[in-house]
Amino acid sequence: MRITFFPMVAMILTTLLHVLLSLLFVFHYDMGVIGLAVAVTCKDFVLVVLTMLYCYCSPVVSEVLIPFDMEALRGWGEYLSISIPAAIMICAEYYAFEFITIAAGVLGVVELASI
């Protein structure tokens, strides 16, 4: 159906725009790292606008766009009852690893060697 062809071309064009904007903001305006952030923001904004315009103007895409209603939320209870405890377990694992890393840094080499 070639629905993804235009977004791919838009991404290529905005990536080239990003290179030009990075050179402009970093070197010409001497903004440093802040210039890179501004260039990324400008590139992403242009990409979103181009993709949205394509979606609203394309007859293939616009016929599948439907307004959001409560029917879209049907069945989420079962999904959330499984995914929320799993997300809490993964976050707890990450936080425990971070706590152990910080504690090892605070204790020092001598104290860790004696354990």
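Gly35, Ala39, Lys43 and Leu47 are the buried residues of helix H2, buried being under 20% relative accessible area, exposed over 50% and partly exposed in between, with a 1.4 Å probe and protein chains only. Helix H1 (5-28) is part of what covers them, contact here meaning heavy atoms within 4.5 Å. This is a predicted model, so to speak of local features takes pLDDT of at least 70 and side-chain atom pairs count only at pLDDT 80 or more, while totals for chains, interfaces and linings use all residues. Residues are numbered from 1 along each chain as its sequence is written, and side-chain values use heavy atoms, leaving out hydrogens and water.

As for the overall layout, the protein has five helices and zero strands, where helices (H or I, at least four residues) and strands (E, at least two) are DSSP runs numbered from the N terminus. H2 (residues 33-57) covers 25 residues and reaches 36 Å between its end C-alpha atoms, close to the expected 36 Å; the expected span is 1.5 Å times one less than the number of residues. H4 has 32 residues, and its end C-alpha atoms sit 45 Å apart, in agreement with the 46 Å it should span.

The C-alpha atoms fill a box of roughly 70 × 55 × 25 Å along the principal axes. Leu73 lies in the loop between helix H3 (59-62) and helix H4 (76-107), and counts as partly exposed because its relative accessibility is 32%.
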